[in-house]
Amino acid sequence: MKLAERFVLDALAYLLCVLSCLCFVGLKLVGSPYGRYASPRSAFRLPARAAWAMQELPSVAVPLFVCAGAASERLQRWPNRILLAMFLVHYAQRSLIFPFLIRGGKPMPLCLSVLAFVFCTYNSYLQSRYLSQYAVYADDWITDPRFITGFVLWLVGLLINIHSDHILRNLRKPGETGYKIPRGGLFEYISAANYFGEVVEWCGYALASWSIQGGAFALFTFCFLFTRAQHHHQWYLEKFEDYPKFRKIIIPFLF
């Protein structure tokens, strides 16, 4: 039974890699129709705060359920505990804090919110089940350069993501409407600083976990956010004549 489930978890991770590539191609062709790109003709839409909270919540609830529902023998090891905590810290912020800091926000098409809910359920089961039951690390893994480097990248990415979201929330003063050019932080160098932070964060997690499950998640994050960052960058260039031409899309000084 254990061997069969381990095989299933590996298969789910490889499937996520395939879905990442399909997502990349699909979003390049049709874009990501939410936020500023959402069609006002969408029949069913959710308020931004409710949509973000609902769709991200499985990434907190599922790991807690997985760990409470069976003997989580691997969580007796510190590497497994820390890696799962890294996952939970991010999504606790995204589902329990971030939505309630949103100022205004465009309504989210219901179908996209449901897809995000399904992804978070899928991925959180994959990560938490693997870490709690099957991931085997040496006792000294937390001193391994891969774990240390990955943890530092995760922490730096988390802080960049939170700080960049703070900048975006405060672009408009009370009563103002419309869009503005983001200033400050890594927005001075790239158009999608918040996405860059999240990509760095999950690449760090993947390195620290040294697993196909973590790598598949990082790949999906990059494929999804890279295409959206491209759309943001092009939108800024078309909307603002004075938009800084030296800004890159998502990787400072490179791309």
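Reader: How many positive and negative side chains does the protein have, and how far apart do the centres of the two sets lie?

Author: This is a predicted model, in which local features need pLDDT of at least 70 and side-chain atom pairs count only at pLDDT 80 or more, while totals for chains, interfaces and linings use all residues. Residues are numbered from 1 along each chain as its sequence is written, and side-chain values use heavy atoms, with hydrogens and water left out. Lys and Arg count as positive and Asp and Glu as negative, His and the chain ends not being counted, and a charge is placed at NZ of Lys, CZ of Arg, CG of Asp or CD of Glu. The protein has 25 positive and 15 negative side chains, and the centres of the two sets lie 8 Å apart.

Reader: How many salt bridges are there?

Author: Side chains of opposite charge can pair when their charged atoms come close. A salt bridge is a side-chain nitrogen of Lys or Arg within 4 Å of a carboxyl oxygen of Asp or Glu. By this rule the count is 5.

Reader: Which residue forms a salt bridge with D165, and is D165 buried or exposed?

Author: D165 has a relative accessible area of 7%, and buried means under 20%, exposed over 50%, partly exposed in between (1.4 Å probe, protein chains only), so D165 is buried. The N to O distance in its salt bridge is 2.8 Å, and the partner is R94.

Reader: Where does D139 lie, and which residue does D139 pair with?

Author: D139 is exposed, at 59% relative accessible area. Its salt bridge has closest N and O atoms 2.3 Å apart, and the partner is R77. The pair ties together parts 62 residues apart in sequence, because R77 is in the loop between α3 (58-69) and α4 (78-97), and D139 in the loop between α5 (110-134) and α6 (145-169).

Terms used. Helix = DSSP H or I, 4+ residues; strand = E, 2+ residues; numbered from the N terminus.
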